[in-house]
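Please read the following note alongside the structure. The points begin with salt bridges and then turn to the fold, the surface and the backbone.

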Amino acid sequence: MQVKRTITVVKDFPGLGERIKKIREGDSRSLSQICRDSGISRSYWHQIEKEDLRAAVTEDIIRKIEAILNTDLGVSFD
């Protein structure tokens with residue numbers, strides 16, 4: 001039997017939402033296309049850019065954003 005232990009680490013990255021927005025605005029694709037390709041809803045994407053979230057965004061979502069925008073946002077927990 002396997003047992004999984006999940007450790008939650010929350011770290012603050014001030015201005016990350018604005019950086020995501022600037023990078024996205026420099027992309028030739030529409031927000032709708034970016035959201036469709038990344039699997040992130042438009043409303044959630046806007047919440048991320050505005051840093052108006054009820055809970056911390058997951059690392060998985062940040063990695064999806066990095067992949068779809070072909071960028072490194074510098075989010076590290078090391």
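1. The count of salt bridges comes to four, where a salt bridge is a side-chain nitrogen of Lys or Arg within 4 Å of a carboxyl oxygen of Asp or Glu. The model is a predicted one, in which local features need pLDDT of at least 70 and side-chain atom pairs count only at pLDDT 80 or more, while totals for chains, interfaces and linings use all residues. Residues are numbered from 1 along each chain as its sequence is written, and side-chain values use heavy atoms, with hydrogens and water left out.

2. One of the salt bridges joins Glu49 and Arg24, with the closest N and O atoms 2.6 Å apart. Glu49 belongs to helix H3 and Arg24 to helix H1, so this pair ties together parts that are 25 residues apart in sequence. Both Glu49 and Arg24 are buried; the term buried means under 20% relative accessible area, exposed means over 50%, and partly exposed lies in between (1.4 Å probe, protein chains only).

3. Glu59 is partly exposed because its relative accessible area is 40%, and Arg63 is partly exposed because its value is 29%.

4. Arg63 also forms a salt bridge with Glu66, the closest N and O atoms being 2.9 Å apart. Glu66 and Arg63 are separated by about one helical turn because they are three residues apart in helix H4. Glu66, with a relative accessible area of 10%, is buried. Through shared partners, salt bridges join Glu59, Arg63 and Glu66 into one network.

5. Which secondary-structure elements make up the protein chain? The protein chain has four helices and zero strands, and from the N terminus on the order is α-α-α-α. Helices (H or I, at least four residues) and strands (E, at least two) are DSSP runs, numbered from the N terminus.

6. The C-alpha trace of the protein chain spans about 45 × 30 × 25 Å along its principal axes. Of the 78 residues in the protein chain, 27% are buried. Among contacts (heavy atoms within 4.5 Å) between residues at least 6 apart in sequence, 58% join residues at least 24 apart.

7. The protein chain exposes about 5900 Å², of which carbon and sulfur atoms supply 47%. Accessible areas come from the Shrake-Rupley method with a 1.4 Å probe, and for residues only the protein chains shown count as cover. The mean positions of the 14 positive and 13 negative charges are 4 Å apart. Lys and Arg count as positive and Asp and Glu as negative, with His and the chain ends not counted; each charge is placed at NZ of Lys, CZ of Arg, CG of Asp or CD of Glu.

8. Asp12, Glu18, Glu25 and Glu51 form a negative surface patch. Patches are made of residues with over 30% relative accessible area and no salt bridge, like charges being joined within 9 Å and nonpolar side chains (Val, Leu, Ile, Met, Phe, Trp, Tyr) within 5 Å. Glu18 lies in helix H1, residues 16-25, and counts as partly exposed because its relative accessibility is 40%.

9. Ile7, Val9 and Phe77 make a nonpolar surface patch of about 300 Å². Phe77 is located in the segment after H4 and, with a relative accessible area of 36%, is partly exposed.

10. Where does Glu51 lie? Glu51 is in the loop between helix H3 (42-50) and helix H4 (59-69), and at 43% relative accessibility it counts as partly exposed. Not counting residues up to four places away in sequence, Glu51 touches Pro14, Gly15, Leu16, Gly17 and Glu18. Glu51 and Pro14 are 37 residues apart in sequence and 9.1 Å apart in space, C-alpha to C-alpha.

11. Most residues other than glycine have a negative phi. Glu51, although not a glycine, has a positive phi of about 55 degrees. Asn70 also has a positive value, with phi near 50 degrees. Asn70 is placed in the segment after H4 and is exposed, with a relative accessible area of 71%.
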